[in-house]
Amino acid sequence: FILEDCIEAVVSTQSTGGCRRALSSRVERHGFTPGDYIVHVEDCVDCVYFVVRGHVKILRDGDVIGILTKGDTFGEKWWPSASSGKSNADIQAMTYAEIEVLDHTNLREILVKFPDYWQMWHKNLK
């Protein structure tokens with residue numbers, strides 16, 4: 001599994017080879033078809049989601065409040081001190097979409113093993 005697109009843009013030139021390999025072994029890629037729900041309101045969310053391809057919409061009470069495309073992120077806060085939370089909106093695929101997912105536990109482990117990566121992560125995703 002090779003890091004591509006969104007996460008690659010975040011880490012490619014600024015992280016070590018070891019850090020990139022650690023991330024690539026922990027990131028999962030999922031495909032969604034139009035109409036699929038990626039996250040439901042009130043779901044426990046313990047991941048950072050990266051939109052790789054396609055368009056997804058953010059729905060609150062049935063109303064579209066935002067649209068995300070390639071390069072956008074959503075989900076759990078990416079700070080090591082943050083605890084998991086609940087989704088306050090539905091996230092639904094509008095088109096065929098690919099999403100890369102990095103769970104909070106794996107992110108925390110990477111940030112502990114590669115402390116220099118923290119500054120880059122914080123800068124690129126705040």
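Val64, Ile67 and Met94 make a nonpolar surface patch of about 260 Å²; patch members have over 30% relative accessible area and no salt bridge, and nonpolar side chains (Val, Leu, Ile, Met, Phe, Trp, Tyr) are joined within 5 Å. A salt bridge here is a side-chain nitrogen of Lys or Arg within 4 Å of a carboxyl oxygen of Asp or Glu, and areas come from the Shrake-Rupley method with a 1.4 Å probe. This is a predicted model, where local features need pLDDT of at least 70 and side-chain atom pairs pLDDT 80 or more, while totals for chains, interfaces and linings use all residues. Residues are numbered from 1 along each chain as its sequence is written, and side-chain values use heavy atoms, without hydrogens and water.

**Met94**
- Met94 sits in the loop between strand 9 (90-93) and strand 10 (97-103); strands are DSSP runs (E, at least two residues), numbered from the N terminus.
- Its relative accessibility is 36%, so Met94 counts as partly exposed (buried is under 20%, exposed over 50%).

**Aromatic pair**
- The whole structure holds 1 aromatic pair (ring centres within 6.5 Å; stacked means planes under 30 degrees apart).
- Tyr49 and Phe74 form this stacked pair, 4.8 Å centre to centre with 0 degrees between the planes.
- Both Tyr49 and Phe74 are buried.

How values were computed. Patches are made of residues with over 30% relative accessible area and no salt bridge: like charges are joined within 9 Å, nonpolar side chains (Val, Leu, Ile, Met, Phe, Trp, Tyr) within 5 Å. Helices (H or I, at least four residues) and strands (E, at least two) are DSSP runs, numbered from the N terminus. Buried means under 20% relative accessible area, exposed over 50%, partly exposed in between (1.4 Å probe, protein chains only). Rings of Phe, Tyr and Trp (its six-membered ring) pair if their centres lie within 6.5 Å; planes under 30 degrees apart count as stacked, over 60 as edge-to-face and the rest as tilted.
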